[in-house]
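Trainee: Hello! Could you help me learn to read a structure I have never seen before?
Mentor: Gladly. Let us open it and go through some features together.

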Amino acid sequence: MNRTKRHNSGYTVVEMIVAGAVAVLLSVGLMNYSSSTLRLVARNVATNHSHETARGSLERMLAEIHTSASRFQLINFDGTTYTDVTAAVSSDKDLYSQQYVSNRANGVRFLRLGGGPVKLTGNGAATAVAATDTTLEFDFTGSSYTPGVGDVLQIPLISHEYNITDAVKTTGNKWKVTLGNAVGFSFITATGTTTSGITWTNPVTVGFFYQRVGYTVLNNQLRYHPYLTDPPYPATPASNDVPVVVRDNVTSPKPFGLLFPTSTSTVTDATYLRISLESYDTKYSARLFQNATTTLQSIIPSRNQPPTLSTN
Amino acid sequence: MKIRIAAFTIITRPKWRAFTLLEVCFALAVFSLYAVASVYSLSQANRFASTSRYETLALSAAQQKIDQVMAVPWSVMGTVPTVLTVGMTTEAAPTVNLLLNNDPLNAGAGLSSAFTSYDTQVLDSRTTVITKLTDCSGQTGAKSRLLRADVTVAYTYRGKAHSITLSTLRETDDF
């Protein structure tokens, strides 16, 4: 075996200094590059998050609020109890509508169509309905909706609205609902002759059911209440009042308001809901490099004007 | 480098032990190009994100007017609501300062958050054009019960003009 001599004579001080300086320069450059890259990526993610919050919230609320069948009622929700807020005009003029904004609230409630038209089939015991009856039975075949306590029943034939105080499934897809008041009208729901002597063949009377729903903003979340506890609010909300988080990163404390025509108006028709939703990615931590807030302003009306229901 | 020949192993000295200046310069140039391109593309992604955000906000402003057109009660027997008056209506500065991504009313007590001032407002203008169309009964002009609404929201962001237009048809509530 023959091994040649290695010539490891080492670096000079000058070489070391030059190499060190180059290494420092390269490191500083790389650090700056990495820092810029991370900042840009983080800001992009944060911007997309706040944008997504605004866009998603808008789409969801447009779909729901357009279908509102009642006037809007502002509410405040503190996480435990609800309070109805009486809307009063303020001096704040909304630029997009040129109307005056009410005091703001962190929630809003309204009634939306839950199910219907569904066929009236009797009072739960017989096919004939007397004016004094307080129960009605409907056939919900083909409907995914099932009636619940607090919902509102409207029968267009007689232009009447009833609060539902109880709902029980009877046979098949039929449900018997108990009303807050007597029906006030008599119906026949099967072929027969009325008390006034008129004969009907397969008469059809239909009802529409409306659910009380709402939106609230709490703990940076926009929440949808598909089964909002009904007023007057009990100390403990109903067990099925479980809000669904629509979006988080919502930072506006009170985004909802109503509109008044003038600064001295005392009455609002409450058919236009003003929303000023501020969103910010609260998990974005690089405060040194400020990220932007998204502020979405919108005025969304019910497409049912005048409202279908007299109550809300 | 090791060269094994039969039972002998000869360790030779490499012919070169470092990069040439030209190679280093070339490597640095390639890296710089990569760094600049990546930072530029990331900046561009940020610009796209911001632009998309303003488009959403402009869409909301246009949608609001469309909603107004669609929701206002309009009866055959009644007068035509102001918002459905035929012609062009422009809402713009200095008459009215419409803002995207900012709500000055949120500065009030109890209405702001720690992030309220982080938005970047953009001035926009909104133009609504109402045109009467021939309705299903053949009526035209003032007697027509069908109209078209075109709403355009225009704004300038980062020196570039943007606009969004929404259109809808509206007929009377009754016949």
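Mentor: Here is an idea to start with: two strands pair if DSSP finds at least two bridges between them. In this predicted model, strand E3 of chain A is joined to strand E4 (residues 100-102) by two bridges, and the two run antiparallel.

Trainee: Which residue in E4(A) stands opposite A:Val89?

Mentor: Look across to A:Ser102, which faces A:Val89.

Trainee: In what order do the strands of that open sheet come?

Mentor: Reading across, the order is E3-E4-E17-E18-E19 in chain A, five strands with antiparallel pairing. From one strand to the next, the twist averages 35 degrees.

Trainee: Which strands stand at the edges?

Mentor: Those are strand E3 (89-93) and E19 of chain A. Each has a single partner strand, so one side of each is left without a neighbour in the sheet. There is also a helix to look at here: H1(A) lies across E18 and E19 of chain A, at about 5 degrees to E19(A).

Trainee: How many helices and strands does chain A have?

Mentor: Chain A has one helix and 19 strands. To judge how spread out the chain is, set its radius of gyration against the globule rule. The radius is 31 Å, well over the 20 Å that the rule gives for 312 residues, so chain A is more spread out than a compact globule. Along its principal axes, the C-alpha trace spans about 125 × 70 × 35 Å.

Trainee: Where are the domains of chain A?

Mentor: The domain assignment gives domain 1 as 46-110 + 214-301 and domain 2 as 111-210. Their centres, taken over C-alpha atoms, are 34 Å apart. Eight residues of domain 1 are in contact with six residues of domain 2. On the domain 1 side, the residues are three nonpolar, three polar and two charged.

Trainee: Is A:Thr189 buried or exposed?

Mentor: The cut-off for buried is 20 or more other C-beta atoms within 10 Å. A:Thr189 has 23 such neighbours, so it counts as buried. You will find A:Thr189 in the loop between strand E11 (187-188) and strand E12 (192-193) of chain A. Its contacts beyond four places in sequence include A:Leu120, A:Val129 and A:Pro203. A:Thr205 is 16 residues away from A:Thr189 along the chain, yet their C-alpha atoms are separated by 7.2 Å.

Trainee: What should I look for in the backbone itself?

Mentor: Most residues other than glycine have a negative phi, and most peptide bonds are trans. A cis peptide bond joins A:Gly116 and A:Pro117, with omega about 5 degrees, and A:Pro117 is found in strand E5 of chain A. The bond from A:Pro231 to A:Pro232 is also cis, with omega near 0 degrees.

Trainee: Which phi does A:Asn220 have?

Mentor: A:Asn220 has a positive phi of about 65 degrees, and it lies in the loop between strand E14 (206-218) and E15 of chain A. In chain B, B:Arg158 has a positive phi near 55 degrees. With 10 C-beta neighbours inside 10 Å, B:Arg158 counts as exposed.

Conventions:
Residues numbered from 1 in each chain as written. Chains lettered and ligands numbered in written order. Predicted model: local features only at pLDDT ≥ 70, side-chain atom pairs only at ≥ 80, totals over all residues. Helix = DSSP H or I, 4+ residues; strand = E, 2+ residues; numbered from the N terminus. Rg over C-alpha atoms; globule rule 2.2 N^0.38 Å. Domains from an automatic or database assignment. Contact = placed C-beta atoms within 7 Å. Nonpolar A, V, L, I, M, F, W, Y, C, P; charged D, E, K, R; others polar. Buried ≥ 20, exposed ≤ 12 C-beta atoms within 10 Å, placed from the backbone. Axes fitted to C-alpha atoms, helices over the stretch in contact; angles between N-to-C directions.
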